[in-house]
Amino acid sequence: MSPVRFLTGITTTGTPHLGNYVGAIRPTVQASRRPGTENFYFLADYHALIKCDEPARIQRSTLEIAACWLAAGLDWEHVHFYRQSDIPEIPELTWLLTCVTGKGILNRAHAYKAQVDKNNAAGVDVDADVSAGLFMYPVLMAADILMFKAHKVPVGRDQVQHIEMARDMASSYNHLYGEHLVLPQAQVDDDVALLPGLDGRKMSKSYDNVIALFGAREQVRKQIFSIVTDSRAPGEPKEVQGSALFQIYQAFASPEETLKLRQAYSAGIAWSDAKQLLFERIDHEIAPMRERYQHLVEHPGELEDILQAGAAKARARATPLMRELREAVGLRRLASVTGAGKKAANKGASLPAFKQYREADGQFYFKLVDGQGRLLLQSAGFASPREAGQFIAALKAGAGEPLALDGKATPADGVALADVGAALRELAQS
Ligand code: TRP
């Protein structure tokens with residue numbers, strides 16, 4: 001059975017926090033170990049440019065997220081682990097997809113629409129603060145996915161629409177140019193916790209409610225102690241329902257540990273004791289990764305080497321597919337020009353013609369085609385273009401005489417030697 005391919009990316013705009021770890025990093029590391037799968041994980045730094053115009057921050061974030069993935073145990077030699085901007089085929093594919101995507105579809109993308117709605121509500125121009133990059137976000141994301149023929153894309157709910165758009169783009173392309181692209185599916189994992197932040201809303205940098213992942217222990221401790229709780233005193237029973245502290249604990253603890261905390265809540269555990277318990281539980285999981293994380297962040301050259309190796313491995317997939325996709329849409333070498341194209345291009349098209357070209361084997365070839373582009377004569381390989389040219393000249397000069405092909409050229413299937421001779425005479429008379 002051929003492997004199922006999983007692919008996901010993280011936008012490099014910030015420092016990884018506990019929510020990123022639980023929601024994206026930890027599940028991908030676990031999933032990458034499943035047998036029968038191929039896994040593609042990447043740093044979406046082209047996407048970062050859409051939201052962030054601070055170069056140093058993008059570089060720093062790329063470093064930290066990459067280090068975080070590896071510190072969490074990602075086996076980079078076993079998966080495809082790379083930086084989006086190291087794969088030039090991705091922007092190239094973005095353009096091919098752009099040309100098969102209706103503008104109206106992109107008008108409906110959530111991220112773009114949210115900004116438009118906001119502008120409308122504020123009574124300003126609908127396109128205020130909308131870059132073409134934001135508008136094109138789903139196309140770049142589709143290129144990320146389709147480039148590696150991913151079957152499954154693990155994402156948060158907010159990204160499902162983008163995967164559906166990628167499917168649409170793949171179908172449009174396939175419909176127009178043949179079956180080249182694989183239609184991906186979103187995978188929303190309900191077991192993966194959506195971590196609440198310090199204030200109980202979703203943990204997110206934009207709410208400024210995050211817990212640092214690899215912060216200094218004291219900083220993390222302080223953040224955990226600032227989790228919002230109610231005012232129940234020690235000894236008073238507490239509710240697990242709606243308790244951010246409890247939910248975060250659950251994302252790190254075993255079912256038995258979680259049950260214990262639930263019981264402690266009913267028994268009236270003091271908030272400060274519950275916070276201490278949470279701090280220790282998180283620290284227990286994160287502390288072993290901290291050293292590797294620090295090492296990588298302090299030795300960015302090592303990370304760079306890993307990313308370069310990852311890029312080479314990823315491009316071994318991207319380059320041949322891109323070649324195929326270019327060929328399919330008509331971005332082709334001219335040596336293989338077809339009758340239809342030729343007729344449109346030039347009025348002398350009704351004449352037979354010699355075409356010279358070079359093959360992947362490094363040798364030089366020619367063929368003779370008739371006015372409709374039908375192959376009449378195919379040459380063998382010549383060591384240089386001059387030798388091929390000389391043979392063509394000899395054929396032209398000998399028009400009218402019996403043909404001497406000497407095994408250096410063969411009439412095409414179903415073409416008589418006499419047809420070749422007639423074509424040569426036609427050329428000589430023109
Ligand atoms: N847009 C995703 C996010 O913000 C990141 C991303 C970029 C991505 N390209 C992707 C995720 C391709 C999955 C597949 O979360």
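Analyst: The model is a predicted one. A pocket here is an open set of grid points with protein on both sides within 12 Å along at least five of seven lines, and its lining residues have an atom within 4 Å of a point.

User: Which residues line the second largest pocket?

Analyst: A residue belongs to the lining if one of its atoms lies within 4 Å of a point of the pocket. The space in the second largest pocket comes to about 290 Å³. Its lining consists of Glu327, Arg333, Ala335, Ser336, Tyr357, Arg358, Glu359, Ala360 and Lys367.

User: How many residues of that lining are charged, nonpolar and polar?

Analyst: Asp, Glu, Lys and Arg count as charged, and the lining includes Glu327, Arg333 and Lys367. The division for the second largest pocket is five charged, three nonpolar and one polar.

User: Which residues come nearest to the ligand?

Analyst: The shell around the ligand has 14 residues. Strand E1 (4–11), strand E2 (37–44) and helix H7 (132–146) each supply at least two of the shell residues. Those that come nearest are Thr11, His47, Tyr137, Asp144 and Gln159.

User: At what distance does a polar side-chain atom of Asp144 lie from a nitrogen atom of the ligand?

Analyst: A polar contact requires N or O atoms within 3.5 Å. Gln159 places a polar side-chain atom 3.2 Å from a ligand nitrogen, and Thr11 has one 3.3 Å from a ligand oxygen. For Asp144 and a ligand nitrogen, the distance is 2.7 Å.

User: What share of the ligand's accessible area does the protein cover?

Analyst: On its own, the ligand has 370 Å² of accessible area.

Terms used. Residues are numbered from 1 along each chain as its sequence is written. This is a predicted model: local features need pLDDT of at least 70, side-chain atom pairs count only at pLDDT 80 or more; totals for chains, interfaces and linings use all residues. Side-chain values use heavy atoms; hydrogens and water are left out. A residue is near a molecule or strand if one of its heavy atoms lies within 4 Å of it. A polar contact is a pair of N or O atoms within 3.5 Å; within protein, one must be able to donate a hydrogen and the other to accept it, and residues adjacent in sequence count only if both atoms are side-chain atoms. Accessible areas come from the Shrake-Rupley method with a 1.4 Å probe; for residues, only the protein chains shown count as cover. Helices (H or I, at least four residues) and strands (E, at least two) are DSSP runs, numbered from the N terminus. On a 1 Å grid over the protein atoms alone, a cavity is a set of points where a 1.4 Å probe fits but cannot get out, and a pocket is an open set with protein on both sides within 12 Å along at least five of seven lines; lining residues have an atom within 4 Å of a point. Grid points are joined across faces, edges and corners, and a volume is the space filled by probe spheres set on the points.
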